[in-house]
Amino acid sequence: MSWTLYCNKCGFRGGGGVYYPWCPRCGGPLEVSGSLPSYPRILGEGSTPLVFDSILGNIIGFKLDYLNPSGSFKDRGVSYSLQFARDLGYKCVVVDSSGNTAISTALYSSKLGLNSIVIVPSTAHPSKISLMEALGSRVIVAESRSEASKLAITYSTKCYHVSHLTSPIFIEGVKSIGRELVEFSKELIVILPVSSGSLLVGLYRGYIESGGKPRIIAVQASEASSLEKYIEPTVSIGGDSSKLADALVVKTPPRLEEMAKIVKETNGALVRVGDKAIKEALGEILKLGFIVEPSSAVVWAAYKALVDKLRGKDIVLILTGSGLKYAGELRRIAEN
């Protein structure tokens, strides 16, 4: 195994085999050169079902990544990252997250015998926090997402920082979803939720490296529509509030320029979705048989808004997070 981390932003290049969660010089996202190890699917993560239905005049696919072991696509990146951390000799891991990455980190830390510290903002859903604690993690609640990130830095000197926003190791694991999709079609329209960008970047890289050429439709919550800095939304629906999309809250993702470049170069689009549309979409997608969280329902809202422009295309919607983490609340959210 021979690899080195480097930064495209400032030119930093680390020593071979030395892990950094972000660029130690400028704080930017890192890339990796050289060969990374391959790891097994220790809890069956990845290879999630791709099911099809004829809806609104199109045959569309639903990639059920909410059926990963911890209930979200984040298992792909976390499983890889924590196996990587174990091989580097780390005994503890730390992550700052609004929920899904934290739950995944708690689960895989327990499986691999690592101690875990998860730092969440005060807006994190109580049921998610309860699950993290049940899995054995030490949970720290910070005032905000930015404060959670700052606090995590204090632990990263001794613990492996999962750093799903800036680490290429996390993205290496997420690439697997792109490799799975290209087996269905090498020219696919993919509609996916976008916040930190790890799913967007990982899926795209895995798809391209497997010989495909996707078209990416990025769906963002109206209060965290970071891509608007570079891309005019094709459509905005559901208003300016997006409190329901509590997994789509990153307003300044470190890889924003790359994210925008991917959407533009694939002839993709940006869809901005607010609470009114999320509620409606959640109620409808539950009736289609997919028990997802509100942040995943945004892709159904986007599909409906663009359906007339997508006739006759190979289309897949990525369903990223399980609604079972919101047990007892989905009906209230969907019907109010």
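# Notebook: helices, sheets and a ring pair

**Entry 1: H2 and H3.** I began with two helices and saw that H2 passes H3 in a left-handed crossing. A reminder to myself before going on: this is a predicted model. I looked up where the two helices lie, and H2 covers residues 100–112 while H3 covers residues 126–134. Their axes are 9 Å apart and the packing angle is about 15 degrees. Angles under 35 degrees count as roughly parallel, so I can call H2 roughly parallel to H3. Which residues of H2 and H3 meet here? From H2 I noted Asn 100, Ala 102, Ile 103 and Ala 106, and from H3 I noted Lys 128, Leu 131 and Met 132. Sorted by class, this contact of H2 with H3 holds five nonpolar residues, one polar and one charged.

**Entry 2: H1 and H2.** Next I turned to the other helix that I found packed against H2, namely H1 at residues 74–88. The axes of H1 and H2 are again 9 Å apart, but here the angle is about 40 degrees. H1 and H2 are therefore oblique to each other. I also wrote down that H1 passes H2 in a right-handed crossing. On the H1 side, the contact is made by Lys 74, Asp 75, Val 78, Ser 79, Leu 82, Gln 83 and Arg 86. On the H2 side, I listed Asn 100, Thr 101, Ser 104, Thr 105, Tyr 108, Ser 109 and Leu 112. By class I have four nonpolar, seven polar and three charged residues in the contact of H1 with H2.

**Entry 3: H5 and H6.** One more helix pair for today. H5 spans residues 168–182 and H6 spans residues 198–209. I found their axes 6 Å apart, at an angle of about 55 degrees. How do H5 and H6 stand to each other, parallel or oblique? They are oblique, and H5 passes H6 in a right-handed crossing. Among the residues in contact are Phe 170, Ile 171 and Val 174 of H5, together with Leu 199, Val 201 and Tyr 207 of H6. The classes here are ten nonpolar, four polar and four charged residues.

**Entry 4: the four-stranded sheet.** On to the strands. I traced an open sheet of four strands in the order E7-E6-E5-E8, and the pairing is parallel. E7 (138–142) and E8 (160–161) are at the edges with a single partner strand each, so one side of each has no neighbour in the sheet. I then followed E6 (residues 115–121), which is joined to E7 by five bridges. As a landmark, I marked Pro 121, which stands opposite Ala 142 in E7.

**Entry 5: the seven-stranded sheet.** There is also an open sheet of seven strands, and I read its order as E3-E4-E13-E9-E10-E12-E11, with mixed pairing. Its edge strands are E3 (50–55) and E11 (235–237), each of which pairs on one side only. On average, neighbouring strands in this sheet are turned by 25 degrees against each other, direction ignored. For a parallel pair I picked E9 (residues 189–193) and E10 (residues 215–221), which have five bridges. In that pair, Leu 192 stands opposite Ala 218 in E10.

For an antiparallel pair I went to E3 and E4 (residues 58–64), joined by six bridges. Val 51 has Phe 62 in E4 as its bridge partner. E3 and E4 form a hairpin with two residues between them. In that turn I spotted Leu 56, with a positive phi of about 55 degrees.

**Entry 6: aromatic rings.** Last, I checked for rings with centres within 6.5 Å, and the count by this rule is ten aromatic pairs. I picked one of them, Tyr 19 and Tyr 160: their ring centres are 4.3 Å apart and the planes are at 15 degrees, so the pair is stacked.

Notes: Residues numbered from 1 in each chain as written. Predicted model: local features only at pLDDT ≥ 70, side-chain atom pairs only at ≥ 80, totals over all residues. Heavy atoms only, no water. Axes fitted to C-alpha atoms, helices over the stretch in contact; angles between N-to-C directions. Parallel < 35°, antiparallel > 145°, perpendicular 65-115°, else oblique. Left-handed = near helix turned anticlockwise from the far one by under 90°. Contact = heavy atoms within 4.5 Å. Nonpolar A, V, L, I, M, F, W, Y, C, P; charged D, E, K, R; others polar. Pairing = 2+ DSSP bridges. Phe/Tyr/Trp six-rings, centres within 6.5 Å; stacked < 30°, edge-to-face > 60°.
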